[in-house]
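Thanks for coming. I will go through a few local features of one structure, so please have it in view.

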Amino acid sequence: MAKTEKEKALEIAKLMEDGKGLDVVVLDVSKLNSWTDYFVIVTVTSGPHWQGLYKAVKDYAKENDMEIHKTHNKTSQGDDWNLIDLGTVVIDLMSEDARNFYELEKLWHEGERLK
């Protein structure tokens, strides 16, 4: 039986925890916008840390027939915030400073917190 998008979002969150991602949160934002259903928000501690988590997501996407969409940024991606767009699931890998500054959970507070 095929996995639901919710199951995939929760599995990705578990992957992030297994990779030592901190304060992992899954938000269901499907009723709030038309471009994604779930946010997985993760605090990372360094460049190599987010790169390792990115590889885990890339492997997961391949195994689950999901496509990573290219994101276009005006500035080059640094270690503060890296976004992985899988269409129905968007993963935000953020430094603690960036997470405190942008407060995505507060911005999307109307979304249902699944984790």
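I start with D92, which counts as buried, at 2% relative accessibility. Buried here means under 20% relative accessible area, exposed means over 50%, and partly exposed is in between, with a 1.4 Å probe and protein chains only. D92 sits in strand β4. Helices (H or I, at least four residues) and strands (E, at least two) are DSSP runs, numbered from the N terminus.

Before going further, the ground rules. This is a predicted model, in which local features need pLDDT of at least 70 and side-chain atom pairs count only at pLDDT 80 or more, while totals for chains, interfaces and linings use all residues. Residues are numbered from 1 along each chain as its sequence is written, and side-chain values use heavy atoms, with hydrogens and water left out.

Back to D92. Which residues is D92 in contact with, leaving aside its neighbours within four places in sequence? They are F39, V40, I41, V42, W81, N82, L83 and L104. Contact means heavy atoms within 4.5 Å. The C-alpha atoms of D92 and T43 are separated by 8.3 Å, and these two residues are 49 residues apart along the chain.

Now the helices. Helix α1 covers residues 5-18, and at 1.5 Å a residue its 14 residues should span 20 Å; the end C-alpha atoms are 20 Å apart, which agrees. The expected span is 1.5 Å times one less than the number of residues. The buried residues in α1 are K8, A9, I12, A13 and M16. They cover an arc of only 140° around the axis, which puts them on the same side of α1. The arc is that of the directions from the helix axis to the C-beta atoms. What do the buried residues of α1 pack against? Their partners are β1 (22-28), β2 (38-43), α2 (47-63) and β4 (89-94). After α1 comes K20, with a positive phi near 70°.

Helix α2 has 17 residues. From first C-alpha to last, α2 reaches 25 Å, close to the 24 Å expected at 1.5 Å a residue. Buried in α2 are G47, H49, W50, L53, V57, Y60 and A61. Seen down the axis of α2, these fall within an arc of 155°, so they line one face of the helix. On the other side of α2, P48, K62 and E63 are exposed. The buried residues of α2 pack against α1, β2, β3 and β4.

The loop between β2 and α2 holds S46. S46 is partly exposed, with a relative accessible area of 30%. Between S46 and A56 there are 16 Å in space, C-alpha to C-alpha, and the two are 10 residues apart in sequence.

Next, the second largest pocket, with a volume of about 200 Å³. Of the 11 residues that line this pocket, the closest to its centre are Y54, I68, H69, T71 and L83. A word on method: on a 1 Å grid over the protein atoms alone, a pocket is an open set of points where a 1.4 Å probe fits, with protein on both sides within 12 Å along at least five of seven lines, and lining residues have an atom within 4 Å of a point. Grid points are joined across faces, edges and corners, and the volume is the space filled by probe spheres set on the points. Which strand gives the largest share of the lining? It is β3, with four residues. Both α2 and β3 (81-85) supply at least two residues each.

Two residues have positive phi without being glycine. D23, in strand β1, has phi near 50°. D23 is exposed, with a relative accessible area of 51%. E103 has phi of about 45° and lies in the loop between α3 (96-102) and α4 (104-107). Is E103 buried or partly exposed? E103 is partly exposed, at 34% relative accessible area.

Last, F101, in helix α3. F101 is exposed, with a relative accessible area of 64%. F101 and S30 are 24 Å apart in space, C-alpha to C-alpha, and 71 residues apart in sequence.
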